Each structure stands twice: as C-alpha cells, then as structure tokens.
Amino acid sequence: MRRLLIRPGAIGDCILSLPALECLRSEYTEIWVRSEAAPLIRFADCVRSIASTGIDRMGLEGIDPPPDLVARLRSFDSIVSWYGSNREEFRTQMNQLGLPIRFLDALPPAGGAVHAADFFLEQAGCGGVAVPRIQCRAAPTKDFAVIHPFSGSPRKNWSLERYRELARRLEMPVRWCAGPEEQLEDAARIDNLYELASWLSTARLYIGNDTGITHLAAAVGVPVVAIFGPTDPAVWAPRGDRIRVVSGSLDDISVGQVLNAVVTCKQLIGGY
C-alpha cells in the first residue's frame, strides 16, 4: 500500500497532527507539508514541501493540472488530504481525476470541546489521547531556560516587558529564542525546526505564547509553561505531562502568575 498524506497549516497544526499522521502510516508513506515543518517528519519514507509539488495549481480555473503531478498522485493507492478542505473546485478536480482520495477538515469545529490533537487522531480512525512526540538526538540537559516571546499573531503575545521581568526573576540563566523576522537582540535563531527542536530538548524549562515553537518544545519533552490569551487552551494547548498553561486576558496575566506556574511545573516533575 502506497499512501500519500497531505497536511497544510502552521507549525503547531502540523505538530498536533503528528499522532494522526503516524497512525496513517502504510508500507510506503509520503507526506506533503509546509516547507518549514518538513524537517520534523522523521517517520515517513519521503517528505516534500507542498509548495514544491505544484498542487496549489490544482482546481484553478483555466489551468490544467501539471501532468507530472497527476501521474504522481495516481501512483498512490490511498491519499488522505487536509489540504483543499475549503476549496470546492480543488476537491472537484481531484475527484474527477478518479484519485483514491479522502478529504479531512484541517481545523476542529469552532466552539468544540475536543482537543485538536484528539480531533485529528479520530479523523485518522484511531482512538486514545494524542500526545505528539519528536525524538531528537540525545544530548545532556543544560542549566538554562528558553523564552520565546513571539507568535504568529500579535494578539497572542504576552508583553515583552513582562517577559523581561520574568527572566530577571527566574532562578536560572535565560536564552531568548526568536524567528528570522522577529526583532530581539541576542536571541537564538535556528531556521531548521529539527535543529531547533534538538536545541530546545537540552533546556531545563521553556516559556512561551500560544505558538508552534511552544508545541515543538512540548513535543521534545521539555517542561513547558504556555501563556494563552484569546485561544482556547482546551483545544489548542500543548500536550504532555510536563505542561502548565496560564490563560486569561493577556493584559491581566501577571509575572507572579507565570512564576507560580513555573513552580508548579517544577514540583510536578520533581525538580529540573
């Protein structure tokens, strides 16, 4: 059985989908994802970025699908796609080609109470509680905390000033983490997400907003304190037994609340 899995979306969406993707593994498994997330897929036989495949041209009016892409798609016995769930013309063209494809919703239903990782796992036909895991190269834990004070949306960011105060009050050295376009002096910037995951795995603690990098830290097993504002943590919080979530209005969340979460996280695992 040759199976293709197509999973678009942001880094966090991809990480929360990892249990579902692994559940759908076949004798040969190929996965197409956003280019940034590709290094995180370690279990597939082949991983390609969605942008490199040309599939975004499928379903466009007046444009024939690339023949090499159609031939590639027809080489699979099964295709499961979270891509195109909101593009009727895309789904129509794929079905007209007679492809063995099943479309899944890329996001949980609004207002639902099911965690996103469990929703994706149930879509794949598997039960249980979904806990994403990313295995990194073994490396000793070092005495530092990582703070990533950004996210994909400013409305999800706790204030940088409060993060700086938090860093001053932590009982360990702090390394700041930022993306390539995020302005933060002396921050660690690691473009390859698997290399970033490997670096995060050596930290004693991670603190950050509702963002893909917070899910990445949780997936490699680092104790995580996640700060959630407008997003529902019941659906989107990182998963694991070393996680503490502080949620509410971001303007009202105090440094003391986050420090209390750090303490309870430390007590939960018996110290760092």
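The buried residues of helix H8 (193-200) pack against helix H1 (11-16), strands S6 (145-148), S7 (174-176) and S8 (205-209), and helix H9 (212-219). Packing here rests on contact, meaning heavy atoms within 4.5 Å, and buried means under 20% relative accessible area with a 1.4 Å probe, protein chains only. Helices (H or I, at least four residues) and strands (E, at least two) are DSSP runs numbered from the N terminus. The model is predicted: local features need pLDDT of at least 70, side-chain atom pairs count only at pLDDT 80 or more, and totals for chains, interfaces and linings use all residues. Residues are numbered from 1 along each chain as its sequence is written, and side-chain values use heavy atoms, with hydrogens and water left out.

Seven of the eight residues of H8 are buried. They are Leu193, Tyr194, Leu196, Ala197, Ser198, Trp199 and Leu200. At the start of the helix, a side-chain oxygen of Asn192 comes to within 2.9 Å of the backbone nitrogen of Tyr194.

Next comes the cavity. On a 1 Å grid over the protein atoms alone, a cavity is a set of points where a 1.4 Å probe fits but cannot get out, and lining residues have an atom within 4 Å of a point. One cavity of 30 Å³ or more is counted. The largest cavity has a volume of about 30 Å³, the volume being the space filled by probe spheres set on the grid points, which are joined across faces, edges and corners. Its lining consists of Ile15, Leu16, Pro132, His215, Ala218, Ala219, Pro238 and Arg239. H1 and H9 are the elements that give two or more residues to this lining, and H9 gives the most, with three.

Note on methods:
Buried < 20%, exposed > 50% of the residue type's maximum accessible area, 1.4 Å probe, protein only. Polar contact = N/O pair within 3.5 Å; in protein donor to acceptor, adjacent residues only side chain to side chain. 1 Å grid on protein atoms, 1.4 Å probe; cavity = no way out; pocket = protein on both sides within 12 Å on 5 of 7 lines; lining within 4 Å.
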